[in-house]
There are 2 protein chains.
Amino acid sequence: MRKLPELSHRHADHRSYPPGVAYMDGQYLPMHEAKLSVLDYGFLHSDATYDVAHVWEGAFFRLEDHLNRFFRGMDALHMSVPYGKAQVTEILHNCVALSGLRQAYVEFICTRGTSPDFSRDPRQAENRFIAFAIPFGSVASEEQMQHGLHMAVTDVQRIPPGSVDPTVKNYHWLDMVKGLYAAYGRGADTALLVDGNGNISEGPGFNVFAIKDGAAATPDTSVLLGVTRQTVFDICAQMGVPCSARNLAVEDLKKADEVFVTSTAGGVMPVTRIDGQPVGTGRTGPLFNRILAAYWQLHDSGEHRDPVMYPEPAGK
Amino acid sequence: MRKLPELSHRHADHRSYPPGVAYMDGQYLPMHEAKLSVLDYGFLHSDATYDVAHVWEGAFFRLEDHLNRFFRGMDALHMSVPYGKAQVTEILHNCVALSGLRQAYVEFICTRGTSPDFSRDPRQAENRFIAFAIPFGSVASEEQMQHGLHMAVTDVQRIPPGSVDPTVKNYHWLDMVKGLYAAYGRGADTALLVDGNGNISEGPGFNVFAIKDGAAATPDTSVLLGVTRQTVFDICAQMGVPCSARNLAVEDLKKADEVFVTSTAGGVMPVTRIDGQPVGTGRTGPLFNRILAAYWQLHDSGEHRDPVMYPEPAGK
């Protein structure tokens with residue numbers, strides 16, 4: 001008879017996690033305590049939807065749009081949480097306020113959850129809500145914001161809408177990760193995926209825009225309908241710049257005057273090289289710079305701004 | 001100034017989980033303590049691979065095949081764990097032995113893991129290994145084993161190989177879940193998905209076989225190369241039953257004499273109705289019954305059997 005190892009009573013995790021505050025199971029927790037059962041189908045089947053809003057200088061930006069998409073996603077996946085939009089809003093505000101972060105990345109998630117007997121029937125599971133606020137992060141570094149991203153257009157096909165609805169924000173990213181490794185192998189910073197017809201689709205966490213002869217365009221199918229993407233439509237409309245959602249061939253992108261990507265994680269970010277070749281002049285372009293400035297100016301206007309109710313007065 | 005909720009120090013989770021034992025971060029833990037950071041990219045990007053082996057009457061079945069697939073999957077995803085096959089084998093044996101389960105479902109997982117600053121670059125993440133043993137479960141209930149499953153052939157497309165390699169076992173299941181809800185809506189027990197050409201693919205956790213005129217066939221592309229699927233090939237070869245992997249149209253399945261599905265979670269399981277219509281006679285067929293008997297007899301032979309080293313003598 002051999003000696004078995006001891007069973008531990010509590011899991012001890014010695015890894016480091018970013019600062020921030022999470023909410024789950026009715027509790028507000030430091031990030032390093034925010035843990036999900038490994039049996040949750042949000043993990044074991046990636047059966048989950050989520051959204052990410054950002055807080056900039058102490059205020060949420062377009063939170064209502066993120067909440068609407070999140071609740072639509074839950075409906076589409078036959079999921080529900082015991083909170084309405086007002087309660088989720090309060091939880092998100094609390095996470096940010098408790099974290100003290102004035103620039104934050106705020107993710108909220110609904111997973112299929114678990115059933116006590118590990119039933120395979122998703123209807124038997126109790127769905128689970130999780131939210132967390134951590135420091136704001138960006139797809140592009142400061143240096144990349146200055147000089148632009150180098151993007152590789154890969155032949156990896158974005159998971160098609162016939163398999164998974166891309167407008168329901170989801171965690172199915174193995175195609176994105178495959179694209180990233182292919183891009184790194186070619187010396188690029190990030191990757192773009194294609195759709196089933198070889199047209200451009202989206203990249204890991206962002207939509208892409210091409211500007212040609214003063215008009216902007218972005219793919220319309222097999223992509224997430226990003227909130228930052230929508231903000232660019234709004235900005236272009238205000239500026240009188242034509243902006244359309246349509247099929248874009250890889251060549252449309254490579255021959256564009258300017259290219260940029262959009263994400264809640266970073267806003268609007270320039271792409272100055274594609275597959276080793278310069279886009280236009282190879283420097284951030286004039287229309288991109290106007291859209292960038294307008295994007296951050298919008299954060300100061302009241303329209304999309306939802307100030308976090310911190311316990312201390314602002315500025316302290 | 002408003003009052004904020006209190007921050008809890010430790011997460012308390014009041015849900016019920018199945019019995020069993022998990023291993024992670026160097027510790028053996030009761031299932032209800034096996035928790036993953038919500039920041040792990042295995043969750044947030046479903047960036048993970050895994051395998052499931054089963055223990056039947058105190059012994060693993062074809063564990064080597066599951067381990068080989070798991071290590072191949074990690075290579076394909078640029079992941080690694082600080083354990084070789086011998087150490088993973090020991091961990092799995094320990095989980096089962098500590099659980100005391102003589103019939104077990106044993107899952108082992110490698111996730112992309114986390115990086116302390118939440119970097120978006122998968123190369124910066126420290127990969128994480130998790131294993132657990134819980135009571136054996138099956139795709140089919142006892143009643144369904146007797147009378148057969150009712151399967152709906154959905155128009156949901158299985159995530160194609162151009163997006164995600166189906167031979168690297170993964171958690172991208174939103175297409176499967178969509179198929180399941182469609183199947184439930186039509187009064188069926190489970191769902192089958194199709195590939196990009198409309199041929200049949202696989203279902204939630206199983207491969208499918210059609211028997212026509214004494215010969216068996218199963219799809220060859222856009223499917224996981226299941227270990228139980230391989231066992232059926234082996235059994236058919238032994239029996240002198242022709243068995244091929246090839247494209248199968250939906251009609252091939254509907255006009256088959258017998259249909260069955262294969263999964264580590266349950267073995268070989270009969271399908272007697274498809275979209276409300278009987279398969280063949282509408283009862284479990286003679287060739288299926290022979291394959292079923294052979295499948296369980298194989299568990300008694302030494303060839304694929306790897307007895308768990310329980311602390312107590314067997315039979316006690």
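This is a predicted model: local features need pLDDT of at least 70, side-chain atom pairs count only at pLDDT 80 or more; totals for chains, interfaces and linings use all residues.
**View 1. Strand E3 of chain A meets strand E3 of chain B.** Strand E3 (residues 35-37) of chain A and E3(B) pair in the antiparallel sense, and three bridges join them. Within this pairing, Leu36(A) stands opposite Leu36(B) in E3(B).

**View 2. The side of chain B that touches chain A.** Here 71 residues of chain B are in contact with 71 residues of chain A. Elements that each supply at least two residues to this side of chain B include strand E3 (35-37), helix H1 (41-44), helix H3 (85-99) and helix H5 (174-185) of chain B, and H5(B) gives the largest share, six residues. Sorted by class, this side of chain B has 41 nonpolar, 17 polar and 13 charged residues.

View 3. The same surface serves both copies, since 99% of the contact residues of chain B recur in chain A.

**View 4. The open sheet of chain A.** Seven strands of chain A form an open sheet with antiparallel pairing, in the order E2-E1-E7-E6-E4-E5-E16. Its edge strands, strand E2 (27-30) and strand E16 (305-307) of chain A, each pair on one side only, and from one strand to the next the twist averages 25°. At the end of the order that begins with E2, strand E1 (residues 21-24) of chain A and E2(A) pair in the antiparallel sense over four bridges, with Leu29(A) in E2(A) as the bridge partner of Ala22(A).

**View 5. Strand E4 of chain A and its surroundings.** E4(A) is mostly covered, seven of its nine residues being buried. On one side E4(A) pairs with E6(A) in the antiparallel sense over eight bridges, and Tyr50(A) stands opposite Ile109(A) in E6(A). E4(A) also pairs with E5(A), again in the antiparallel sense but over two bridges, where Ala59(A) in E5(A) is the bridge partner of Trp56(A). The hairpin of E4(A) and E5(A) has two residues between the strands, and in this hairpin Glu57(A) takes a positive phi near 50°. Helix H2 (residues 63-76) of chain A lies across strand E4 (48-56), strand E5 (59-61), strand E6 (104-114) and E16 of chain A, and runs at about 175° to E4(A).

Key. Residues are numbered from 1 along each chain as its sequence is written. Chains are lettered from A and ligands numbered from 1 in the order in which they are written. Two strands pair if DSSP finds at least two bridges between them. Axes are lines fitted to C-alpha atoms, for helices over the stretch in contact, and angles run from 0 to 180 degrees between N-to-C directions. Two residues are in contact if their C-beta atoms, placed from the backbone, lie within 7 Å. A residue is buried if 20 or more other C-beta atoms lie within 10 Å of its own, exposed if 12 or fewer, and partly exposed in between; C-beta atoms are placed from the backbone. Ala, Val, Leu, Ile, Met, Phe, Trp, Tyr, Cys and Pro count as nonpolar, Asp, Glu, Lys and Arg as charged, and the others, Gly among them, as polar.
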